[in-house]
Amino acid sequence: VAGGRNKIWDLDDSDYVFFLDDDAIISSKDFFKNIVEYMESNPIVGAASVNIDEPETGVDHNSKERKQDGDKIVTLAYIGGAHILRRHAYPMKRLYPNNLIFGSEELYASLVYWQEGYEVREISKLNVTHLPKKQIVSYGKERDLCIIVNSYIVKKMLYPKYMRIILKCLYCIRLYKNKIDVLDANRTLKSRKNERTLYKIRLKTIMYLMKLFGVRSLI
């Protein structure tokens, strides 16, 4: 997933880039007109996902780390299933580290947008329907492992070095709570962690996001 989106990112030089997963269908009228108008009228927004529902099961796939103020919904990270990115607000040539493969790679780009002074939001009036039968990665241990490992990698890459001990402890606790085999997790971690970035999130930004979304969401 990360590598595929990077390919599109490399090929495109538009003001905005929109991604739609192959297990989702746009269900709002004048979708692209409205999503671009939203970005044009909200220059503070660097990235935004839309409302992603799943009528077949009655669940939604929207961010759980959110803060709502009237119609404005600010989220820690956008949801990959359907999202728009402000192309020239992003400071790096590549959108994601390729080795993240799948699972929480959106957290990487979202934190970068926050550091650059932009917000990440959900545009709730625009809808996309998710198709559960096309889901390739299950909602079980495989998915949990990818999300926990990738979230840990992203934070290690972007956070100040002195936070690494805390991040490692919480990573181990999450593996235990989700009953994920440590050897499986370490193999996945080893295969994905060999990329480096000089880009760092300042502590001031992390503290600001903690105030918005809680300490647990950030570490």
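Let's start at Tyr162, which sits in the loop between α4 (141–158) and α5. Helices here are DSSP runs of H or I with at least four residues, strands are runs of E with at least two, and both are numbered from the N terminus. Tyr162 is exposed, at 56% relative accessibility. For these labels, buried means under 20% relative accessible area, exposed means over 50%, and partly exposed is in between, with a 1.4 Å probe and protein chains only.

Before I go on, a word on what we're looking at. This is a predicted model, where local features need pLDDT of at least 70 and side-chain atom pairs count only at pLDDT 80 or more, while totals for chains, interfaces and linings use all residues. Residues are numbered from 1 along each chain as its sequence is written, and side-chain values use heavy atoms, with hydrogens and water left out.

So how confident is the predictor? pLDDT is its confidence in each residue, from 0 to 100. The chain has a mean pLDDT of 91, and 95% of its residues reach 70 or more. Confidence is highest in helix α2 (residues 31–41), at a mean of 97, and lowest in strand β4 (residues 59–60), at 81.

Back to Tyr162, then. Together with Leu203 and Met207, Tyr162 makes a nonpolar surface patch of about 330 Å². Patches are made of residues with over 30% relative accessible area and no salt bridge; like charges are joined within 9 Å, and nonpolar side chains (Val, Leu, Ile, Met, Phe, Trp, Tyr) within 5 Å. The accessible areas come from the Shrake-Rupley method with a 1.4 Å probe, and for residues only the protein chains shown count as cover.

Lys161, Arg164, Arg196 and Lys200 form a positive surface patch. In this scheme Lys and Arg are positive, Asp and Glu are negative, and His and the chain ends are not counted. Each charge is placed at NZ of Lys, CZ of Arg, CG of Asp or CD of Glu. One member, Arg164, belongs to helix α5 (residues 164–177), and Arg164 is partly exposed, with a relative accessible area of 32%.

Now, salt bridges. How many does the structure hold? There are nine, a salt bridge being a side-chain nitrogen of Lys or Arg within 4 Å of a carboxyl oxygen of Asp or Glu.

A second pair is Lys72 and Glu119, at 3.4 Å from N to O. Lys72 is in strand β6 (residues 72–75) and Glu119 is in strand β8 (residues 119–130), so this bridge ties together parts 47 residues apart in sequence. Lys72 is partly exposed at 31%, whereas Glu119 is buried at 13%.

For a local example, take Asp184 and Arg187, which meet at 2.3 Å, N to O. They are three residues apart in helix α6 (residues 182–192), and therefore separated by about one helical turn. Asp184 is partly exposed at 33%, and Arg187 is exposed at 53%.

Eleven of its eleven residues are buried, so α3 is largely enclosed by the rest of the structure. Among those buried residues are Leu107, Tyr108, Leu111 and Trp114. In the loop between β7 (82–86) and α3 we find Ile101, which is not a glycine but has a positive phi of about 60°. Ile101 is partly exposed, at 42%. Ser104, in the loop between β7 and α3, also has a positive phi, about 65°, without being a glycine. Ser104 is buried, at 18%. After α3 comes Gly117, with a positive phi near 95°.

Last stop: Phe31, in helix α2. Phe31 is buried, with a relative accessible area of 3%. Phe31 and Asn127 are 96 residues apart in sequence, yet their C-alpha atoms are 8.3 Å apart in space.

Terms used: pLDDT = per-residue confidence, 0-100.
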